[in-house]
Protein chains: 2
Amino acid sequence: MTPACFEHLPLYSELQEAARHIAQPHMHLRHLLEDPTRFDTFSLAACGLHYDFSRQRLTGKALSLLRTLAGARGVHNRFREMISGTPVNVTEKRAALHTAARSFSTAPLIVGGEDIMPRIRRVRAEMQSFSRKILNGDITGSTGKRFRHVVVIGIGGSYLGTAFISEALAALSDTGIRLHYLSNVDIHNLGDIAGKIDPETTLWVVISKSYTTTETMANAHQARTLMLEKGLSPARHFVTVTAKGSPGDVDGPGGGTDSLAAFHMFDFIGGRYSVTSAVGGVPLSLFLGWERFERILKGAEEMDRHAAAAPPEENLPLTAALISFWNNNLLGYPAQALIPYAAPLRKLAPHVQQLSMESNGKSVTAEGQHISFSTGYILFGEPGTNAQHSFFQLLHQGRPVPVEFIGVRTPLYSHFPTTTKGVSNHQELWANLISQPMALALGRENDDPARSFPGNRPSSTLVLESLTPENVGRLLSFYEAKTVYEAFLWGTNPFDQFGVELGKVLATDVRKEMAAKNRDPRHAPETLDPISRRYVEMLFRKDERGAP
Amino acid sequence: MTPACFEHLPLYSELQEAARHIAQPHMHLRHLLEDPTRFDTFSLAACGLHYDFSRQRLTGKALSLLRTLAGARGVHNRFREMISGTPVNVTEKRAALHTAARSFSTAPLIVGGEDIMPRIRRVRAEMQSFSRKILNGDITGSTGKRFRHVVVIGIGGSYLGTAFISEALAALSDTGIRLHYLSNVDIHNLGDIAGKIDPETTLWVVISKSYTTTETMANAHQARTLMLEKGLSPARHFVTVTAKGSPGDVDGPGGGTDSLAAFHMFDFIGGRYSVTSAVGGVPLSLFLGWERFERILKGAEEMDRHAAAAPPEENLPLTAALISFWNNNLLGYPAQALIPYAAPLRKLAPHVQQLSMESNGKSVTAEGQHISFSTGYILFGEPGTNAQHSFFQLLHQGRPVPVEFIGVRTPLYSHFPTTTKGVSNHQELWANLISQPMALALGRENDDPARSFPGNRPSSTLVLESLTPENVGRLLSFYEAKTVYEAFLWGTNPFDQFGVELGKVLATDVRKEMAAKNRDPRHAPETLDPISRRYVEMLFRKDERGAP
């Protein structure tokens, strides 16, 4: 095991020394960038991704120390243990095998004495067959019409990754299926979808590993009510993605049989890492067709292999994790902005926001020791150039935030070609993508302080060739591996999420009081604390005059 | 004028002392909340909003000091100067009169010797008349069909506020108009919209004050090309929202006449504050009808009056700004999360992200002096409960971030009523809204450190009665006033945005080289720095083998 606190390593003192060194005025990025070899020395390329970290506040010495730290922390071995089935999710005593979901290897993968690959292949074959039958009309809704709408009922990891990919590849969809997401328990979310679908041609995909997620159960109930009111049979319009034997499993003990099919999830794949399992597989293979979904898997698999096999000097996600560690722990930046210069990647930041902040927002080591250093950072982002016209003011002249820029070299859309100021819109997008990291790094002095730019603001730039299924799969896996590597550096467990438990416990108390009040309006919610009680009373108040 | 550096005020030392006091273990929120009067003492209500800051890490003493600071900084007077036309945008020597855009006062408002209200009323009357003619079919597209699609071409402040409001009130839209946003210069953004509209029934609204915004001009050109290729006349399908006399003004000097109408913007209303001007007025009055747009204005006007007139002890946006200041400058939190428990408010956080981070991401005072203290904070958010299943792990157990929760008491959607676990979906949403601030505040100890919650994490809760146009207008104005009050406390200018200039300058250099390369592929972009040059070469490379 890795030592619990890296801060006591002599290596860490050297890193702190390197951080003090880089803080000196002569180490401003505008000076570092005078080195003509900087771009080549601080760039890596693999699996179709080009990763340029030349505008990070890094020296060769610091990077070398970081790689030595990665070795000392054993993160590379830990990653290999992860993909080979070691129970790296130590608090929950489970393996973390999202990589197995996209493995096309024929080798067995033994977990707890069982080769799990046949189960994974079986679910994949079931999805492929189901997708084909839906798309060619062999399976229809209860009135015999082909399905045209798929509504994913799921929250958090049960939809964010799928939403990222379905938006990224929407231009490729040719299946005639429209995809919707019913994630929020807010009744307006259902209302919005109800206005867009035709219930007769709608398939609902209910996704919950335990089949007890409160929001998902409430929304599934709401959707069944809608279908019944329309005179449609839920058994012909619902499928589930859930753990074997859960209440939502068609073969499970009691209940759950009121659906067309169940696709199994496994306890060794956590929600935020689950898009390449049936969680993403069922909706994405309906929206994009099976062949494209398989191409996403193959892209992700390729990046998984790179993340596991490439030496630290060539390893993209490991290098990206080392840079996060450097920026977070040594340079003290509390946040990271993720800015894809590609409108179809508009849901990448919300996905990686969950992936990163839920995995790494921890304050204990995997072994349960309290830690004093910073771990997870705040991750946020919007597509560029939109973000330039929104919050980039703060990035240039206010609080510095390291940025990860993403560019796509070749656009998919090529109708109505025009040029403005001598360039195409895609070139204009790139002119901005090229300029922003440089403006952040160099800055520019001006006699007027209000027009001065301090510069020395770090960024990376990741370039993909185009938005193909393979490249989107590679990008997905890149961020998963980066997140996991960050955790292994910190010594935290990126696979549990106990932090969401307390809110659930308190919500159960509040819900019980509300249910009692629904039965008897005179019921006083006396088990609650005084403030929660006031809110319950506010919600149940009939008089709408006065505040609020 | 306010003193440039509040950090030298004796009052500031007292605030620092108050911050040290609150950091002690016995001042943990779980102890502060033992006071049964806490909710009433630390709540305000006005203009239909209930603002509860009982779960902020505040004492009555600290709040009183903050209010004294507000007085010492003269922020209340500054706000009144702003709405009465004083050039508070000192760097650009302009007034900041977004409040005038929604004023229904009959009193004159003199700016530079001119009463500006007649101009504002004239634009309002023009929008009302135009909206009526479009909606009743008096104005049609070039083939005589009624308009069914409106595409806003604008970026940053020219669409974010409108997107927030159109999403918030979408359920009320009954005009038969679908609204789309072409903001990003990414050609995929056009491709996405081109797949959704019927050009014959599409009205394009091009929004740019100067009518030179690069992205907007490139997209307008792209849209005109699309219409011409479809054999439609742009003059019958385009309107502009722009400054009088700009190249996009129909009455302007040259150009711009190739459109149905121009609605004027004024230099005393900045982009991120412009949604109640013609920027939001043209698209929103088409999407929602004029009457609803006017109700939004009236709600905003009511909150403006409150923000200007209410004493500090009763003033919602001023109190919210003081709490931001306290959390940012005294307690050291670098960020703020904005979590509306209302799916229709899904675009509130992106709007306030621009409003706050562009206004307050500054490092000089309004007078141009460098400042050492922190000003703007990172603002991000997603709707709850979605956010609970995404990044709340970090908020509960990782890096603390103050949260602003928003609740809506009465939902608009009431079809398919069901209950799950004894409560409706709306009640389930509220059970979570009630529980999360409490879980963050109280925390809970556990023998297992991985299951322990430190608590003491601050939040506010803002409750609206329902999503009416008036309430959405009030919410809009609340965040505008809060942002402006924050800046007045810091002594910064919330109305300029010089930080976006350097990137534009560098992009111009890159664009010129790209245009030259379009003319002659052999052109070498030698005026650029070595890294920018590499990216230009990467973009123009024909060979697609190898990386990236």
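This is a predicted model: local features need pLDDT of at least 70, side-chain atom pairs count only at pLDDT 80 or more; totals for chains, interfaces and linings use all residues.
## How the two copies are related

Let's start with the symmetry. Turn chain B by 180°, with a shift of 0.0 Å along the axis, and it can be laid on chain A with an RMSD of 0.0 Å. The two copies are therefore related as by a two-fold rotation axis.

Which residue of chain B comes closest to the rotation axis? That's B:Phe380, with its C-alpha at 3.3 Å.

## The interface in numbers

Chain B puts 146 residues into the contact, and chain A also puts in 146. Between them the chains bury about 13100 Å², and 63% of that is on carbon and sulfur atoms.

## Polar and charged links

There are 66 residue pairs in polar contact between chain B and chain A, counting pairs with both residues at pLDDT 80 or more. The salt bridge count between the two chains is eight. One salt bridge joins B:Arg511 to A:Glu428, where the closest N and O atoms sit 2.7 Å apart.

Where does the largest share of the side of chain B that touches chain A come from? Helix H16 of chain B, residues 425-442, supplies 13 residues, and that is the largest share. Sorted by class, the side of chain B that touches chain A has 63 nonpolar, 57 polar and 26 charged residues.

## A look at B:Phe42

Now for a single residue. B:Phe42 sits in the loop between helix H3 (38-41) and strand E1 (43-46) of chain B. Is B:Phe42 buried or exposed? Its relative accessible area is 4%, and the cut-off for buried is under 20%, so B:Phe42 counts as buried.

What is B:Phe42 in contact with, leaving aside its neighbours within four places in sequence? The list runs through B:Tyr51, B:Asp52, B:Phe53 and B:Ser54, then B:Leu58, B:Thr59, B:Gly60 and B:Leu63. For a sense of distance within the chain, take B:Gly176, which is 134 residues from B:Phe42 along the chain. The C-alpha atoms of B:Phe42 and B:Gly176 are separated by 44 Å.

Definitions and conventions: Residues are numbered from 1 along each chain as its sequence is written. Chains are lettered from A and ligands numbered from 1 in the order in which they are written. Side-chain values use heavy atoms; hydrogens and water are left out. Helices (H or I, at least four residues) and strands (E, at least two) are DSSP runs, numbered from the N terminus. Buried means under 20% relative accessible area, exposed over 50%, partly exposed in between (1.4 Å probe, protein chains only). Contact means heavy atoms within 4.5 Å. Buried area is the accessible area (1.4 Å probe) that two parts lose on being put together, summed over both. A salt bridge is a side-chain nitrogen of Lys or Arg within 4 Å of a carboxyl oxygen of Asp or Glu. A polar contact is a pair of N or O atoms within 3.5 Å; within protein, one must be able to donate a hydrogen and the other to accept it, and residues adjacent in sequence count only if both atoms are side-chain atoms. Ala, Val, Leu, Ile, Met, Phe, Trp, Tyr, Cys and Pro count as nonpolar, Asp, Glu, Lys and Arg as charged, and the others, Gly among them, as polar. Copies are superposed by least squares on the C-alpha atoms of residues with pLDDT of at least 70 in both.
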